[in-house]
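Please view the sequence and the model before reading on.

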Amino acid sequence: VPAPRLSGSNHSGSPKLGTKRLPQALIVGVKKGGTRAVLEFIRVHPDVRALGTEPHFFDRNYGRGLDWYRSLMPRTLESQITLEKTPSYFVTQEAPRRIFNMSRDTKLIVVVRNPVTRAISDYTQTLSKKPDIPTFEGLSFRNRTLGLVDVSWNAIRIGMYVLHLESWLQYFPLAQIHFVSGERLITDPAGEMGRVQDFLGIKRFITDKHFYFNKTKGFPCLKKTESSLLPRCLGKSKGRTHVQIDPEVIDQLREFYRPYNIKFYETVGQDFRWE
């Protein structure tokens with residue numbers, strides 16, 4: 001006698017396991033900080049299910065409602081965490097309040113990186129899509145001689161982390177926000193991911209044995225696992241060679257960011273050693 005079809009089963013006849021739930025954790029930032037790497041690394045964990053694309057719900061698609069948002073999520077078991085990443089949330093004024101209204105218990109992950117290298121990476125990405133944009137130096141300064149930085153340029157503004165963080169701290173305690181060092185993610189991926197797993201309250205499943213260093217790309221990749229026979233490296237757009245920038249411009253930007261960085265270290269109780 002053929003086995004009865006389970007209701008809610010998919011076309012292959014196997015039951016769909018679990019339920020679509022709103023995410024309990026979000027990677028909210030920052031653009032060009034290493035968010036895709038954190039997402040790909042954490043997805044290896046059996047207790048985490050993550051959305052592969054960026055839904056942009058709390059910035060661009062909020063009007064579609066929570067039911068729409070939930071419908072995008074992967075199915076999870078009771079014991080699993082649902083996660084999504086959209087790095088623009090960190091710099092979106094309304095995002096903290098909107099996320100708080102979804103759930104005040106949401107765990108937030110922010111991947112941060114030296115704001116000067118982050119800005120150069122951001123510019124490099126834009127340049128690859130729009131080759132006729134002005135120079136990095138031209139966009140960075142309102143007046144280079146006077147050292148007046150143009151804080152209205154997004155690539156500069158994103159790196160003023162402490163200013164954006166203030167909006168989040170109006171709704172969430174620091175204990176609910178975990179900061180990943182984009183630099184240490186490259187030099188010690190297992191250590192950084194160990195801390196992410198601790199923050200999410202899941203066992204340390206992802207360890208040294210999951211990574212190898214890809215010398216060509218200049219960052220760690222996932223070794224092959226039982227479920228994926230090929231080693232997984234991030235896509236071609238990751239690990240681009242940065243545009244060469246005048247060292248004096250870099251020094252001026254370092255000086256500009258220094259007070260913001262120091263205030264950021266003091267606020268989060270962590271020194272990222274960008275100075």
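## Charges over rings

In this predicted model, Arg-144 lies over the face of Phe-141, 5.8 Å from the ring centre. Another such arrangement involves Lys-107, whose charged end sits over the ring of Phe-199 at 5.6 Å from its centre.

## Aromatic pairs

The structure holds 25 aromatic pairs. One of them joins Phe-58 and Tyr-69, which count as edge-to-face because their planes stand at 80°, with ring centres 5.2 Å apart. Phe-58 lies in the loop between strand S3 (48–50) and helix H2 (66–72), and Tyr-69 in helix H2, so the pair ties together parts eleven residues apart in sequence. Both Phe-58 and Tyr-69 are buried.

Phe-264 and Trp-274 form a stacked pair, with 6.2 Å between centres and 5° between planes. Phe-264 belongs to helix H10 (residues 247–268), while Trp-274 is in the segment after H10, ten residues apart. Phe-264 and Trp-274 are both buried.

## Annotated binding site

An unreviewed UniProt entry lists residues under "binding site", among them Thr-35, Arg-113, Ser-121 and His-242. Of the listed residues, the lining of the largest pocket includes Thr-35, Arg-113, Ser-121 and His-242, among others.

Thr-35 is in helix H1 (residues 35–42) and counts as buried, at 5% relative accessibility. Leaving aside residues up to four places away in sequence, Thr-35 touches Ile-27, Gly-29, Val-30, Lys-85, Pro-87 and Val-111. Ser-121, found in helix H4 (residues 115–129), is buried with a relative accessible area of 8%. Under the same exclusion of residues up to four places away in sequence, Ser-121 touches Lys-32, Arg-113 and His-242.

Notes: Residues are numbered from 1 along each chain as its sequence is written. This is a predicted model: local features need pLDDT of at least 70, side-chain atom pairs count only at pLDDT 80 or more; totals for chains, interfaces and linings use all residues. Side-chain values use heavy atoms; hydrogens and water are left out. UniProt positions are given in the numbering used here, feature names are shortened, and annotations may be inferred rather than shown by experiment. On a 1 Å grid over the protein atoms alone, a cavity is a set of points where a 1.4 Å probe fits but cannot get out, and a pocket is an open set with protein on both sides within 12 Å along at least five of seven lines; lining residues have an atom within 4 Å of a point. Helices (H or I, at least four residues) and strands (E, at least two) are DSSP runs, numbered from the N terminus. Buried means under 20% relative accessible area, exposed over 50%, partly exposed in between (1.4 Å probe, protein chains only). Contact means heavy atoms within 4.5 Å. Rings of Phe, Tyr and Trp (its six-membered ring) pair if their centres lie within 6.5 Å; planes under 30 degrees apart count as stacked, over 60 as edge-to-face and the rest as tilted. A charge sits over a ring if NZ of Lys or CZ of Arg is within 6 Å of the ring centre and within 35 degrees of the ring normal.
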